[in-house]
Structures are given as C-alpha cells and as structure tokens.
Amino acid sequence: VPVTGPNGAAGVFVAAHHSAEQLRQIEGAIQVMVALSIVAFLLATFLAWGVAGRAIAPLRELTTAARGIGERDLAARIPVAGTDEVAELTRTLNSMLARLEAAFGSQRDFLNDVGHELRTPITIIRGHLELLDADEDPSERQKTMALVLDELDRMGRYVSDLLLIARAEQPDFLRPAPLELAEFVNGLATRVRPLGDRTWSVVPPRPTVIVADADRLTQAMVNLAVNAVRHTPPGAVIELGATVEHGHARLWVRDEGTGIAPADQERIFGRFARGRDRVTGGSDGTGLGLAIVDAIAMAHDGYMSLDSEVGRGSTFSLVIPLEVVPS
Amino acid sequence: VTRILIAEDEERIVAFLEKGLRANGYATTAVGNGIEAAGMARDGDFDLLVLDLGLPGMDGANVLRTVRSRGDRLPIIILTARDGVADTVAGLEGGADDYVTKPFRFAGWS
C-alpha cells in the first residue's frame with residue numbers, strides 16, 4: 001500500500017502474513033474429521049447390519065424351515081424360539097400346518113374308505129358272474145342278473161353321491177331363494193313318510209322367511225330322516241322341525257333310537273365321516289348320507305351338529321344363517 | 001364231506017361263496033357276526049373257517065385270536081377288503097393260514 005507522509009516522504013507499507021501454518025492446521029482438522037466420519041459411518045453400518053441381521057435371523061430360519069416342509073411331510077413343525085412377534089408368527093404357521101395335516105389326513109382316509117366301499121359291490125358282481133353257468137336254470141340266471149344290476153345301481157348311486165360332495169365346494173352348487181321355513185318344514189312330512197313305518201311328527205317354526213336352497217335343504221333333511229329310520233325300530237317316533245335362534249335357522253331331525261357313543265360321535269363328525277352300515281337293497285345306503293348333509297350345511301355357510309345319548313336317541317341339526325350369501 | 005364255516009356279514013358275498021363251494025362238493029354254514037363265528041368255530045365240527053375281517057359284533061381279528069387262544073388249529077382263511085401289508089402280516093401272525101383280498105377270483109379257490 002503506497003504511503004505518503006505529511007512532509008512528502010513516500011513509502012510503501014507492506015503487510016505480510018504467513019498463513020501456511022494455519023492452513024495446514026485447518027486441513028489437518030478437516031482430515032481428522034473426515035476420517036472420523038468415515039470410521040463412524042462404517043461402524044454404524046456394521047452395527048446396523050449386525051443388529052438387522054440378528055433381528056432377521058429368526059425370519060430367515062422360519063423361511064428355510066417353511067420351505068423345507070413339503071406336501072409329503074406336513075407332520076413337520078417349525079421350532080418356536082423366544083416370545084417375540086416371530087415366535088407368534090411361527091406358532092400361527094404351525095397351527096395352520098396342523099390344520100392342513102388334518103385336512104390331508106381326512107382326505108386320505110376318505111379315499112381309503114371310498115376304495116373299500118367300492119370293493120364290496122365289485123366282489124359281489126365278480127363272484128356272482130364267475131359262477132353264472134350257461135347250463136343253469138333260467139330263473140337262477142334271471143336272479144343273478146337282477147342282483148348284478150342292483151349292485152351296479154348301488155355303485156352308480158355311490159359315485160353320484162361322491163360327485164355331489166365334490167361339487168358342493170363349487171360356487172354354483174347352491175341356488176338360494178327366499179323360503180318360508182314353516183311351510184318348508186310342513187312340506188317335508190310327505191317326503192319322509194314313505195321312508196319307513198315310523199311315528200312321524202313335524203314341528204314347524206313360527207313363520208320366517210330365510211334365503212336358502214330349498215332342494216338342497218330337502219335333500220339334507222331326507223338324508224337325516226333316512227339315517228333316523230335306520231337306527232330306529234318300526235313305530236318309533238321321529239320328529240322333524242326347525243327353530244329360529246340368534247340369527248340362525250336350526251333344522252333338526254330327532255329320533256328315539258339307539259343313540260351314538262361319544263367316540264363314534266367324533267368319527268361321524270369328521271368332515272368325511274362314513275357310517276359303517278351297509279343296508280343291502282336300501283334306497284340310499286351308500287353311507288355318504290351324513291357327509292352330504294355336512295357338505296350342504298357348509299355350502300350354506302353353516303354347520304351340522306349332533307346331540308346324542310346311547311339308549312335315548314339322537315338329534316341331528318343343520319344350522320344355517322337366515323340368509324345365505326352366494327359365494 | 002368237508003365242512004366250511006363262512007363268517008361274512010355281506011349276504012350277497014355269502015350267497016356266491018356258498019353256491020360256488022357247494023357246487024364243488026363242500027358243505028357250508030354261514031354266520032353274519034363275529035361272536036357267532038367264534039362260538040360256531042368252537043362248537044361246530046368244521047374243517048375250514050372263511051373269516052371276513054370286517055364283522056359286526058366281534059371283528060375278524062378278534063375271532064382269529066379267540067379261536068387260536070383256545071389252541072384250536074382249525075384252518076382259517078381270512079377274507080378282507082383291506083389289503084394293507086400291516087393287516088396281512090397281523091392276520092398271518094395271528095395264526096391265519098391264508099389271506100384273500102376282495103375282490104378275488106373264485107376259480108383259484110376250490
């Protein structure tokens with residue numbers, strides 16, 4: 001900076017500042033900070049990864065375990081560890097597996113039963129045809145023919161029942177329409193009377209309109225009535241009725257027959273329960289009657305219930321909502 | 001005459017068994033439940049028992065056990081709709097002499 005004094009003397013003021021040292025200090029500080037930041041970031045990342053990994057580890061184990069469970073080893077369960085949400089999820093999955101296992105099991109039992117059930121008519125037809133002799137008395141031959149045709153009809157009915165049960169899970173199985181329940185129950189009287197020489201009695205509910213499939217409900221009630229006839233002697237009381245309670249309609253068939261032991265009630269109640277009786281020459285003795293009633297109840301979003309005591313008789317009920325919502 | 005006791009609850013199976021066996025010269029008697037079968041096997045004078053496993057009253061396996069526990073060596077052929085290996089083995093170990101699974105060819109019998 002040029003400087004002029006009061007006496008004319010002139011000079012130059014030079015100011016010099018040596019800043020390299022400070023710059024170096026600043027740079028140094030910045031470098032330390034950057035280094036610290038990087039270390040902190042790496043540390044944080046590492047820790048987060050570790051923590052997340054630990055948190056996810058049970059999920060990963062769950063995935064591996066779930067993937068390992070195939071259709072064939074539904075009996076396997078995922079080990080439950082801890083008490084957190086993952087443990088809860090594991091327990092939920094395990095109970096779902098248990099239900100799946102039970103469902104597959106009852107399907108397998110059902111197929112097994114179907115196979116054995118079909119073997120009986122096949123054995124009968126085979127045996128009688130094998131012994132059919134060309135030299136035999138024509139009337140004997142006629143008898144064999146009639147018997148074979150009857151057995152084939154039985155097989156036909158059995159297969160129809162099986163197909164009906166299979167179809168019951170399809171959405172177009174039901175054709176729901178408004179139905180006056182008291183009228184419906186009264187109308188059953190003429191349908192069940194020919195089933196057997198019993199003291200039939202009908203107990204209609206107060207007039208109530210429900211929405212349901214009248215044909216399917218008739219079929220279910222007739223099946224229950226057939227079942228009641230099978231377990232009662234001639235003349236015994238069989239009562240059909242309906243009640244409306246808690247937003248549900250309960251349609252029931254009560255008999256004063258042999259009743260069902262608690263252990264057998266359980267069996268009958270299985271999804272694909274099958275009675276052991278085979279009524280030769282009977283109209284519907286396929287043994288699938290109750291399974292069909294159950295399928296019809298389920299199609300109506302309802303269920304079947306049984307109240308029975310050995311020696312006092314049984315009441316089978318079909319409990320359905322007042323209005324079935326088409327699926 | 002060889003006397004055969006048939007323990008089977010399905011009448012129409014009994015019908016052709018009796019017809020076929022009688023045509024081959026055997027004498028047959030049929031019972032439809034297990035309790036009767038066990039009693040007849042003891043009291044009757046039979047040379048063979050054809051035993052269905054799925055009998056009412058007392059099932060075939062129990063009839064077999066009952067007969068054998070008396071030390072009775074009456075030849076027994078088991079007749080069943082079940083064809084599981086476990087059932088077969090249990091039947092034969094229980095003292096059955098042979099095992100026939102329904103449906104069967106009658107021709108191989110006599």
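Which residue of chain A forms a salt bridge with Arg12(B)? In this predicted model, the partner is Asp150(A), and the closest N and O atoms of the pair are 2.8 Å apart. In total, 2 salt bridges are counted between chain A and chain B.

Let me place that pair in its setting. Helix 2 (85–130) and helix 3 (138–167) of chain A each give at least two residues to the side of chain A that touches chain B. The largest share of that side, 12 residues, belongs to helix 2 of chain A. Sorted by class, the side of chain A that touches chain B holds 8 charged, 8 polar and 4 nonpolar residues.

I turn now to the contact as a whole. Chain A contributes 20 residues and chain B contributes 17 residues. Together the two chains bury about 1,800 Å² between them, with 54% of it on carbon and sulfur atoms. Arg119(A), Thr123(A) and Leu131(A) provide 32% of the area that chain A buries against chain B, more than any other three residues. The interface also has 4 residue pairs in polar contact, both residues being at pLDDT 80 or more.

Finally, I ask you to look at the strands of chain A. Strand 4 (residues 199–203) and strand 6 (residues 237–245) of chain A run parallel and are joined by 5 bridges; Ser201(A) has Glu239(A) as its bridge partner in strand 6 of chain A. Strand 6 of chain A is also joined by 8 bridges to strand 7 (residues 248–255) of chain A, and these two run antiparallel. They form a hairpin with 2 residues between them, and His246(A) in the turn has a positive phi of about 45 degrees. Glu245(A) stands opposite His248(A) of strand 7 of chain A.

Definitions and conventions
Residues are numbered from 1 along each chain as its sequence is written. Chains are lettered from A and ligands numbered from 1 in the order in which they are written. This is a predicted model: local features need pLDDT of at least 70, side-chain atom pairs count only at pLDDT 80 or more; totals for chains, interfaces and linings use all residues. Side-chain values use heavy atoms; hydrogens and water are left out. Contact means heavy atoms within 4.5 Å. Buried area is the accessible area (1.4 Å probe) that two parts lose on being put together, summed over both. A salt bridge is a side-chain nitrogen of Lys or Arg within 4 Å of a carboxyl oxygen of Asp or Glu. A polar contact is a pair of N or O atoms within 3.5 Å; within protein, one must be able to donate a hydrogen and the other to accept it, and residues adjacent in sequence count only if both atoms are side-chain atoms. Helices (H or I, at least four residues) and strands (E, at least two) are DSSP runs, numbered from the N terminus. Ala, Val, Leu, Ile, Met, Phe, Trp, Tyr, Cys and Pro count as nonpolar, Asp, Glu, Lys and Arg as charged, and the others, Gly among them, as polar. Two strands pair if DSSP finds at least two bridges between them.
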